Amino acid sequence: MGLRLGDTAPNFQAKTSQGDIDFYEFLGDSWGVLFSHPADYTPVCTTELGKTAQLKDDFAKRNVKVLALSVDPLEKHLGWINDINETQNTDVQFPIIADEDRKVSDLYDMIHPNASETFTVRSLFIIGPDKKVKLMITYPASTGRNFHEILRVIDSLQLTANYSVATPANWVDGEDVIVTPAVKTEDIPGRFPKGHKIIKPYLRTTPQPNK
């Protein structure tokens, strides 16, 4: 059985491009993004890791630590990082796990036999400071991830973790949000003093409360 939303993310120890780590110690009190790649020196993954490195400050201001994974060995990772830095005009500073024994891949169900018997699929997990799995996305090898969408989702997860709100379709940071059904309409003014709109009894919106 693979991981599901709300499950505790398994801890692990691993060799990475930045030394040995314990996953929980690495995360500390931060949010985490753990994402896998089919193999080193693959074109789509090269652009993905480059884009992640370019967004370093965006992840940092959200208190998010990033950790990548491939089943290739450490020496190969180090050479590949040089290529990523050169071709993507960036500086990869986050660790890449060398999961040669596939221990982490198995823990996180990253190998899907119908896609590949040996390589990890392009999975991504967002993990909260409570070490719970908050989001999972799996892409095929041919489709690169949209990391601005990952940042958007993190904004939503962090907002909704602290307020009784949900975010509507295509929401981006700063836009109105939805008051959750658990909040009675008569209680909205006390909970959300910036005002609210009642579109339907079950659809109430309010300005983003942490702005």
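Rings of Phe, Tyr and Trp (its six-membered ring) pair if their centres lie within 6.5 Å. That cut-off is what holds the cluster in these views together: ring pairs link Phe12, Phe23, Tyr24, Tyr108 and Phe125. Keep in mind that this is a predicted model.

**View 1. The whole chain, for orientation.** We start zoomed out, with 7 helices and 11 strands making up the secondary structure. The C-alpha trace spans about 60 × 40 × 30 Å along its principal axes. Of the 211 residues in the chain, 46% are buried. If you look at contacts with a separation of 6 or more, 64% of them come from residues 24 or more positions apart.

**View 2. Phe12 meets Tyr108.** The structure holds 6 aromatic pairs, and here is one of them: the ring centres of Phe12 and Tyr108 are 6.1 Å apart with the planes at 90°, so this pair is edge-to-face. Phe12 comes from the segment before strand 1 (13-16), while Tyr108 belongs to the loop between helix 5 (103-107) and strand 6 (122-127), so the pair ties together parts that are 96 residues apart in sequence. Both partners are tucked away: Phe12 counts as buried at 2% relative accessibility, and Tyr108 counts as buried at 1%.

**View 3. Phe23 beside Tyr24.** These two rings have their centres 6.5 Å apart and their planes at 40°, so we call the pair tilted. Why tilted, and not stacked or edge-to-face? Planes under 30 degrees apart count as stacked and over 60 as edge-to-face, so the rest, this pair included, go down as tilted. Phe23 is buried, with a relative accessible area of 1%, whereas Tyr24 is partly exposed at 26%.

**View 4. Lysines over rings.** Tyr24 turns up again here, with the charged end of Lys131 sitting over its ring, 5.6 Å from the centre. Which ring does the charged end of Lys65 sit over? That one is Phe26, and the charged end of Lys65 lies 5.6 Å from the ring centre.

**View 5. Charges across the chain.** Zooming back out, the chain carries 23 positive and 28 negative side chains. How far apart do the centres of the two sets lie? The answer is 9 Å.

Terms used: Residues are numbered from 1 along each chain as its sequence is written. This is a predicted model: local features need pLDDT of at least 70, side-chain atom pairs count only at pLDDT 80 or more; totals for chains, interfaces and linings use all residues. Side-chain values use heavy atoms; hydrogens and water are left out. Helices (H or I, at least four residues) and strands (E, at least two) are DSSP runs, numbered from the N terminus. Buried means under 20% relative accessible area, exposed over 50%, partly exposed in between (1.4 Å probe, protein chains only). Contact means heavy atoms within 4.5 Å. Lys and Arg count as positive and Asp and Glu as negative; His and the chain ends are not counted. The place of a charge is taken as NZ of Lys, CZ of Arg, CG of Asp or CD of Glu. A charge sits over a ring if NZ of Lys or CZ of Arg is within 6 Å of the ring centre and within 35 degrees of the ring normal.
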